[in-house]
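Let's go through the salt bridges in this structure. Have it open beside you as you read.

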Amino acid sequence: MRTIWIIARREAAAFFDSLAAYILLVAFLGFTGFFTWLYGQDIFFIRQATLMPFFSWASILLTIFVPAITMRMIAEERKTGTLEFLLTRSVSDWQLVAGKYLGSMLLVGAALALTLPYYLSVSLLGKTDHGATLCGYLGLLLLSSALTAVGIFASSLSANQIVAFLIALISNLFCMLLFGLLAQAVPGSSLAGQLLHLLDFTGHFESLSRGVIDSRDVVFFLSITLLGLVLAEARLAQRNLADA
């Protein structure tokens, strides 16, 4: 665990040493703030002390924000040649993948923590369902966890960060948008319809954002997280075998 934590801290420190980190954070906060307070069905439009507009837009923006963080995690190590150096210093494939994942989640968690003033502001406007709000943030963390694992796996597939970003982004769009649209077009009673509903990230997140904690939604996101990390580890192991 110590090795994983060292890798995670290294990634977080490297991220905040770059200008791109602050641009990403400002962009995420700017867009979520704009859509929450000023655009469309914002808080003032619906006239309710709720963060539902924020949760809806944040879940969409995370599909772009998370790949922008994870695209460099393994791809950059491979491009610079430091991947081989890490894996020959008694660092296992799993420790590397888990460390990169934890470092990415620290960054995503920091971005979400910076939105807490939205919560405080809304609570001052009127009676707020604090339980539903906390569930919404839990949903964002679980969703981010799954998207981060997908991004780590995408980063393990290529030494090119742009390619890794595009793979993660397209995968996220499938999971967040396309599966849900296809599920609406396919009868829910059919096997294909049930499978599409199961794979729809948005459906699982919306349940949590409404304040309903269903163990099936929690298990789903945790399962996707584990699957993404296992696939990333398998990709590294495959590469090591090819080099042997």
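## The overall count

Keep in mind that this is a predicted model. Searching the whole structure turns up 5 salt bridges. Three of those pairs get a closer look here.

## Arg72 and its two partners

Start with Arg72, whose side chain forms a salt bridge with that of Glu11, at 3.2 Å from N to O. This pair ties together distant parts of the chain: Glu11 belongs to helix H1 (residues 2–16), while Arg72 sits in the loop between helix H4 (52–70) and helix H5 (75–80), and the two are 61 residues apart. Arg72 and Glu11 are both buried.

Arg72 also has a salt bridge with Glu76, with an N to O distance of 2.9 Å. How exposed are the two ends of this one? Arg72 has a relative accessible area of 18%, so it falls under the 20% cut-off and counts as buried. Glu76 comes in at 29%, which makes it partly exposed.

Through salt bridges with shared partners, Arg10, Glu11, Arg72, Glu76 and Lys100 are joined into one network.

## Arg216 and Asp214

Now for another pair: the side chains of Arg216 and Asp214 form a salt bridge, at 2.7 Å from N to O. Is Arg216 buried or exposed? With a relative accessible area of 62%, Arg216 is exposed, because the cut-off for that label is over 50%.

Definitions and conventions:
Residues are numbered from 1 along each chain as its sequence is written. This is a predicted model: local features need pLDDT of at least 70, side-chain atom pairs count only at pLDDT 80 or more; totals for chains, interfaces and linings use all residues. Side-chain values use heavy atoms; hydrogens and water are left out. A salt bridge is a side-chain nitrogen of Lys or Arg within 4 Å of a carboxyl oxygen of Asp or Glu. Helices (H or I, at least four residues) and strands (E, at least two) are DSSP runs, numbered from the N terminus. Buried means under 20% relative accessible area, exposed over 50%, partly exposed in between (1.4 Å probe, protein chains only).
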